[in-house]
Amino acid sequence: MKPTNSPKTYRVKSFGCQMNVYDGERMAEMLGERGIVPAPEGEDADLVVLNTCHIREKAAEKVYSDIGRLTKGKTQDKAPMIAVAGCVAQAEGEEIMARAPAVSMVVGPQAYHRLPEMLDRAVQGERATDTDMPAIAKFAALPERKRTNPASFLTVQEGCDKFCTYCVVPYTRGAEISRPYGDLVTEARKLVDAGAKEITLLGQNVSAWSGEDDKGHTVGLAGLIRDLAKVDGLARIRYTTSHPADMDDDLIAAHGEIDKLMPFLHLPVQAGSDRVLKAMNRSHTAESYLRLLERFRAARPDLALSGDFIVGFPGETDAEFEETLMLVDAVGYAQAFSFKYSPRPGTPAASMEGQVAKEVMDDRLQRLQAALNRDQWAFNRATEGRTCEVLVERKGKHPGQWLGKTPWLQSAWFEGDVGIGDLVQVELVEAGPNSLAGRLRERVAA
Ligand code: 5AD
Ligand code: SF4
C-alpha cells in the first residue's frame, strides 16, 4: 500500500455484544487522544473501524460486504483507511488480510491497545495484523476515561473457560481473566466523575470474576459490587452475562442487600431439555436452573429475569423443543434473546450429527419468540401503575420527550423538564410490548 495522510476523522462501527460496545468506546478514546475526531453524521470518515462479532451467522460475510460498501468506486486515496477489529478479526485475521487488500489493520479484541502504533504503520503504507492475547496488558495501556454516557459499561472480566459446544467465545476471547480490583474501582470512579450514574459490569462469564480487595481478601463478583456501591454518585449497578454454574450464595444475597444493585438478572439457559443441555456442555439442568432462580427471587422478590435461548441445536427433537417452551412458561421472563443455532467453525457442535433443517428452526424460533414476547408484555403490564426511578438516557422521538430505563431495564418514555443523566420518579402509565409510557412525578437527587 502507498503511504497516505494521517486520518483526521474516524467512525467505529460496533456489532454484537455489549463488550464490543465497550471496546469500541475505548478504541474511540485512543483515536481521540491522537487528535482524530468522530466523523460528523452523514459524512465519510477517514478511518473506519469495523468492530466485528463472530458469535452467529454470516459474521465474516457482513465484514466483506461492509468493506465493499466503503471502498466501492473509490481509488485508494479517496477510500477510507479500514481497520477490522473484534472477534472476526481474531478468528479470521489472516484470511481477511489475504481477501481484502483495502484493509490496513486487523486487530483482535485483546490487542486493540496497539491500534495507535498500527495506525502509524498504516500511514506509512504498511499493513499490520495483531491478534495476540495479552489480556490485562491491554487495559493498562488504554487512556483514562474522560467522557461517558449516564449508563456506562465497565469490562471486569474477559474470556470464557466453559466451552459450551456451540460457542466460539472461548476461542476468540480466550481464557478467563479477571481485571484487578483496584483498576476496576479506579475506572468506576473515573466513569462517575465523567457523568456515569449507572455502571454495567461486563464479562463473557462475569460471575467468574475474582480478585483481591484493598485489604488483601479474595473477593468474588458480589464483593466487588458491594465495594462499587460505596462509590459516591454511582446510583445503579448491573452485571452481565452470567453462567448458572458460577452464581454463588454471596451474589444471591447481594441482590437482597445492595439497593444500588438493580433488580434484574440476565441468566442464559439456552434450552429446556436436559439431553440438549448436556450435549451443549452447559453443566446445569432445567430443574437446577429453575431452583437457582427461586433462590434469587427469594432474595429479591421483584427481580426481572432475562435469558438467552438457542433453537435447533443439533439433534434437538420437537419434544425437546417443547421442553424449552415449558421452561419459558415456568420462568415468566421480563425479556430474552433467542437465536437459531448457527454452526461456528471449529466448535464441537458444528460437526455433530442431526443438524436441524432451516425451516424447522424458523418455525421453532417463531413459536419461542411469540411466547417470550407475550411474557415481556405481561411483565410490562404488571408494572403499570407503579412509580419508579428512571435514569434519563436520551431524547425521545418527539420534542419534549425523554427516554430512560426503569430499575427492571424496561424502556420508559415521558415528557417533562429533565436532562440526560437525571434520575427521576416516573409513574408507569401504559405498557406496550417493548416499552412503557410514563408520567414524570419528580426529580431524585443523584
Ligand atoms: N448459534 C446460535 N446462538 C449462539 N449463541 C452463542 N453461540 C451461538 C451459536 N453458535 C448465543 C447464546 C449466547 C448468546 C450470546 O449467543 O444464546 O448466550
Ligand atoms: Fe460461550 Fe457463554 Fe458458554 Fe462461555 S458460557 S462458552 S461465552 S455460551
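Strand S3, residues 47–52, and strand S4, residues 81–85, pair in the parallel sense over five bridges; strands count as paired if DSSP finds at least two bridges between them. Leucine 50 stands opposite valine 84 in S4. Strands here are DSSP runs of E, at least two residues, and helices are runs of H or I, at least four, numbered from the N terminus.

This is a predicted model, where local features need pLDDT of at least 70, side-chain atom pairs count only at pLDDT 80 or more, and totals for chains, interfaces and linings use all residues. Residues are numbered from 1 along each chain as its sequence is written, and side-chain values use heavy atoms, without hydrogens and water.

Now the whole sheet. It is open, has six strands in the order S2-S1-S3-S4-S5-S6, and pairs in parallel. Strand S2 (37–38) and strand S6 (128–130) are at the edges with a single partner strand each, so one side of each has no neighbour in the sheet.

Which strands does helix H2 touch? H2, residues 59–71, packs on the sheet against S1 (9–14), S3, S4 and S5 (103–107), contact meaning heavy atoms within 4.5 Å. The direction of H2 makes about 170° with that of S3. Angles run from 0 to 180 degrees between N-to-C directions, with axes fitted to C-alpha atoms, for helices over the stretch in contact. Helix H4, residues 115–123, also packs on the sheet, touching S3, S4, S5 and S6, at about 160° to the direction of S5.

Last, two helices. The axes of H12 (318–331) and H13 (358–382) come within 10 Å and cross at roughly 10°.

Terms used: Chains lettered and ligands numbered in written order.
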